[in-house]
Amino acid sequence: MARVLLLWGLLVLGAPVLAEEPVPLAAYRGPVSGWPAPEVDEGVAWVELAALPEPDVDPMWTAETRLGRLLFFDPWLSGSGQISCASCHDPDLAWTDGRRVPFGHDRMPGTRNTPSLINVGYLDTLMWDGRADSLEQQAGLPLVSHVEMNARPDRVVARLERDPAYADWFTDAFGDADITYPRIVAALADFQRHLTTRRTPFDEFMEGRRTALDDQEIRGLHWFRTQGRCMNCHHGPLLTDQAFHNLGLNFYGRPLQDLGRYAISGEAGDVGRFRTPPLRGVAYTAPYMHNGMIPALRNVLLFYNKGGAHPPKGEEHRDAPLFPSTSDHLRPLHLSEAQLADLEAFLRALSVKPNRLPMRFEQTLRDRARRRADQAGSQPR
């Protein structure tokens, strides 16, 4: 059924294509005040696109930040001792895992795609359903989830106390060697706040270097703002409204059902709604959507060009009070292949591949693994 719905959402054969309006390239080379107004629905409180602002956190790393990075890559934070935060948030994969859904404890597959941690410190709410209001809260949820890391806080603390190096690291970060679960979570959150994107061609363009985007990318910017209707949900410097929307991919009443935000709010209108993801780095965070069912960026554009998914309310759901409705923002766009190519080029201009781990830090992880193996009386493979 998932394959049927995906194909239904991606088919564009037979859809009329509207005539392309001329793109005012000269206007986009000038001040933002002279750009065409975005095409958004009535009531949408859109914010103009902009370069990414400086984060609230000091960009310089502290001892707490460095401790958080060590903890982020430490499998001792999981119940099995084999899963770390980096198992699902890999820096080589844009701080996600490249999978449709992740594997957790006992290789149990999850139900939602792993969100990237790029710029996560800018967000007001976290997780696909917004269940976390802070990075500290978010950092602790996967640790104790039985389908993710399946850890017990007291056992995590006891493990870390067995590694003498952590006494020094906690002293550097907090002033004494006391290892506590709140400190672990605080250090993890501090590290994640420092995972900001590198400057993109789009940032340079918005800061005034109008040659940073080529003609195709500017055309994509124009379609993004106008006929593509993207700014109904993706606007501001993060290119997200940080709100929750229903794209029709909740599989209500079927085996893959996910009620989204409703599980947190209990509001009927939130059934099937998920948080709008930021678009910075989007070229490197495939697959897409809350369930990872769309494999590539072009497929995402085709999905929206068709108007999203609008599952009909069948007879079996006639009396279902929670049957969800797809967002009114989604409607057929009738974009041509050339326009879709322009849009994809623009989205790629929002993305630069994240820095890889420093080789010196990788050696630190090797040394830690060997030290623990020696303490256990064995050698690592």
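Select Ser 78 and Ile 83: a polar atom of the Ser 78 side chain lies 3.0 Å from the backbone oxygen of Ile 83. A polar contact here is a pair of N or O atoms within 3.5 Å; within protein, one must be able to donate a hydrogen and the other to accept it, and residues adjacent in sequence count only if both atoms are side-chain atoms. The model is predicted, so local features need pLDDT of at least 70 and side-chain atom pairs count only at pLDDT 80 or more, while totals for chains, interfaces and linings use all residues. Residues are numbered from 1 along each chain as its sequence is written, and side-chain values use heavy atoms, with hydrogens and water left out.

Stay on Ser 78. Its place is the loop between α3 and α4; helices (H or I, at least four residues) and strands (E, at least two) are DSSP runs, numbered from the N terminus. Ser 78 has a relative accessible area of 1% and is buried. Buried means under 20% relative accessible area, exposed over 50%, and partly exposed in between (1.4 Å probe, protein chains only). Not counting residues up to four places away in sequence, Ser 78 touches Ile 83, Met 149, Ala 151 and Arg 159, where contact means heavy atoms within 4.5 Å.

Next, select Arg 107, in the loop between α3 (63-72) and α4 (135-144). Its phi is near 55°, a positive value in a residue other than glycine. Arg 107 is exposed, at 57% relative accessible area.

Now go to Phe 251, in the loop between β1 (244-245) and α10 (262-265). Phe 251 also has a positive phi, of about 55°, although it is not a glycine. At 3% relative accessibility, Phe 251 is buried.

Move on to Ala 286 and Pro 287. The peptide bond between them is cis, with omega near -5°. Pro 287 sits in the loop between β2 (274-275) and α11 (297-306). Most residues other than glycine have a negative phi, and most peptide bonds are trans.

The last stop is helix α9, residues 215-225. At its start, a side-chain oxygen of Asp 214 comes to within 3.2 Å of the backbone nitrogen of Gln 216. Eight of the eleven residues of α9 are buried, so the helix is largely enclosed by the rest of the structure. Among the buried residues are Trp 223, Phe 224 and Arg 225. To see what they pack against, show α2 (25-28), α8 (201-206) and α12 (337-349).
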